[in-house]
Amino acid sequence: MSLALLRWSLLLACLFTTVALAGESRPRRQKAKAAKLVRVEGGHRLHRDAATALHRMATDAMKDDVALRVTSGYRSLREQRWLYEQYRRGRGNKAARPGRSSHQRGLAVDLVIGRRTSKRYLWLEANACRFGFRRTVPSEPWHWEYRPSSTFPPVAGFDCLGNSTAPPEPPTPVARTDAS
């Protein structure tokens with residue numbers, strides 16, 4: 001081996017070693033932290049912001065004798081995959097593809113609703129937007145998602161459906177004529 005070839009080999013080896021060592025010494029980008037999940041009624045879990053809003057909403061609903069009961073909250077990738085496969089086989093409710101469900105982020109909640117004419121469902125329609133919740137799947141009245149940045153609260157004096165919430169004005173008194 002010639003002296004020039006030996007020098008070039010050593011130079012290249014030093015350069016590659018320096019690049020390789022420098023690459024390892026760089027701090028790695030940390031992965032995004034998982035959403036903070038907290039337990040809600042019935043042992044289900046939700047993202048902490050959604051859980052806080054749900055608690056406020058349930059407390060407000062109780063003032064109108066409406067009890068909100070959770071049937072599903074956060075779902076792992078495995079759970080979502082199983083539900084999606086059941087749906088695809090015709091054995092279950094509609095389910096989003098794994099990785100596309102708000103349940104996997106802890107932002108969707110399924111509630112016991114009953115019929116669309118039930119007191120509970122009508123209360124949710126009229127009030128859920130005040131707490132950042134809205135229905136996103138038209139065929140699933142039980143499915144509510146926490147989307148505070150795109151769910152706007154109602155105008156003062158109105159509910160989420162645009163109905164007036166102000167108490168009716170008392171009737172104006174009728175002037176009486178004295179018959180004396």
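**View 1. Arg-147 and its partner Glu-145.** Arg-147 is partly exposed at 31% relative accessibility, where buried means under 20% relative accessible area, exposed over 50% and partly exposed in between (1.4 Å probe, protein chains only). Arg-147 pairs with Glu-145 in a salt bridge whose closest N and O atoms are 2.8 Å apart; the term asks for a side-chain nitrogen of Lys or Arg within 4 Å of a carboxyl oxygen of Asp or Glu. Glu-145 itself is buried, at 6%.

A quick note on what you are looking at: this is a predicted model, with local features needing pLDDT of at least 70 and side-chain atom pairs pLDDT 80 or more, while totals for chains, interfaces and linings use all residues. Residues are numbered from 1 along each chain as its sequence is written, and side-chain values use heavy atoms, leaving out hydrogens and water.

**View 2. Asp-60 and Lys-63 in helix α2.** These two residues form a salt bridge, with 3.7 Å between the closest N and O atoms. They sit three residues apart in helix α2 (residues 48-63), so about one helical turn separates them; helices are DSSP runs (H or I, at least four residues) and strands likewise (E, at least two), numbered from the N terminus. Asp-60 is buried at 18% relative accessibility, whereas Lys-63 is exposed at 65%.

**View 3. Arg-130 reaches Asp-60.** Here the side chains of Arg-130 and Asp-60 meet in a salt bridge of 2.4 Å, N to O. The pair joins distant parts of the chain, 70 residues apart: Arg-130 lies in the loop between α4 (119-127) and β5 (133-135), and Asp-60 in helix α2. Arg-130 is partly exposed, at 36%. Together, Asp-60, Lys-63 and Arg-130 make up a network of salt bridges.
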